[in-house]
Amino acid sequence: MTVLKPSHEHGWKSVTKGKLSSGFPFHPKLAEWLSTYTTIPKDSELEILEVSCGEVSCPTEETLIVWGKQEFRISRKKEMISKMDVDLSWKRFVEKS
Ligand SMILES: [Zn+2]
């Protein structure tokens, strides 16, 4: 069996920090959907991170929302996150924790 190894390294790059109540500049609806579909506290300071990758042809696109010691991961580019991504990713997050 061959184990597929990524040809390059990925890390996380911080995009912005803010609260759900003030919204996020890169996505007009994300804060509203997070308020509706998750139990992330509205007054928590959140940090949004995305996969940092220098490869133009790399298909990996992920967004990470961090508050306190919690890390909520959505497998979608931050600008492209849909209502369903938030809902399904949150259900998975709750199952795991
Ligand atoms: Zn990559």
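Four strands form an open sheet in the order S1-S2-S3-S4, with antiparallel pairing. Helices (H or I, at least four residues) and strands (E, at least two) are DSSP runs, numbered from the N terminus, and two strands pair if DSSP finds at least two bridges between them. The edges of the sheet are strand S1 (11-18) and S4, each of which pairs on one side only. On average, neighbouring strands of this sheet are turned by 25° against each other, direction ignored; axes are lines fitted to C-alpha atoms, for helices over the stretch in contact, and angles run from 0 to 180 degrees between N-to-C directions.

Two sentences on the basis of the description are in order here. Residues are numbered from 1 along each chain as its sequence is written. The model is predicted: local features need pLDDT of at least 70, side-chain atom pairs count only at pLDDT 80 or more, and totals for chains, interfaces and linings use all residues.

Strand S3 (residues 63-67) pairs with strand S2 (residues 46-52) in the antiparallel sense over 4 bridges. Ile48 has Ile65 in S3 as its bridge partner. Strand S4 (residues 70-74) is joined to S3 by 5 bridges, and these two strands also run antiparallel. Here Ile65 stands opposite Phe72, Val66 opposite Glu71, and Trp67 opposite Gln70. In a regular strand the side chains alternate between the two faces of the sheet. The hairpin of S3 and S4 has 2 residues between the strands, and Gly68 takes a positive phi near 55° in this hairpin.

How do the helices H1 and H2 pack? Helix H1 (residues 30-37) and helix H2 (residues 83-96) pack at an angle of about 35°, with their axes 10 Å apart. H1 passes H2 in a right-handed crossing; a crossing is left-handed if the near helix is turned anticlockwise from the far one by less than a right angle, and right-handed if clockwise. From H1, Trp33, Leu34 and Tyr37 meet Lys83, Val86, Asp87 and Trp90 of H2, contact being defined by C-beta atoms, placed from the backbone, that lie within 7 Å. The residues of this contact divide into 5 nonpolar, no polar and 2 charged. In this division Ala, Val, Leu, Ile, Met, Phe, Trp, Tyr, Cys and Pro count as nonpolar, Asp, Glu, Lys and Arg as charged, and the others, Gly among them, as polar.

Methods:
Two residues are in contact if their C-beta atoms, placed from the backbone, lie within 7 Å.
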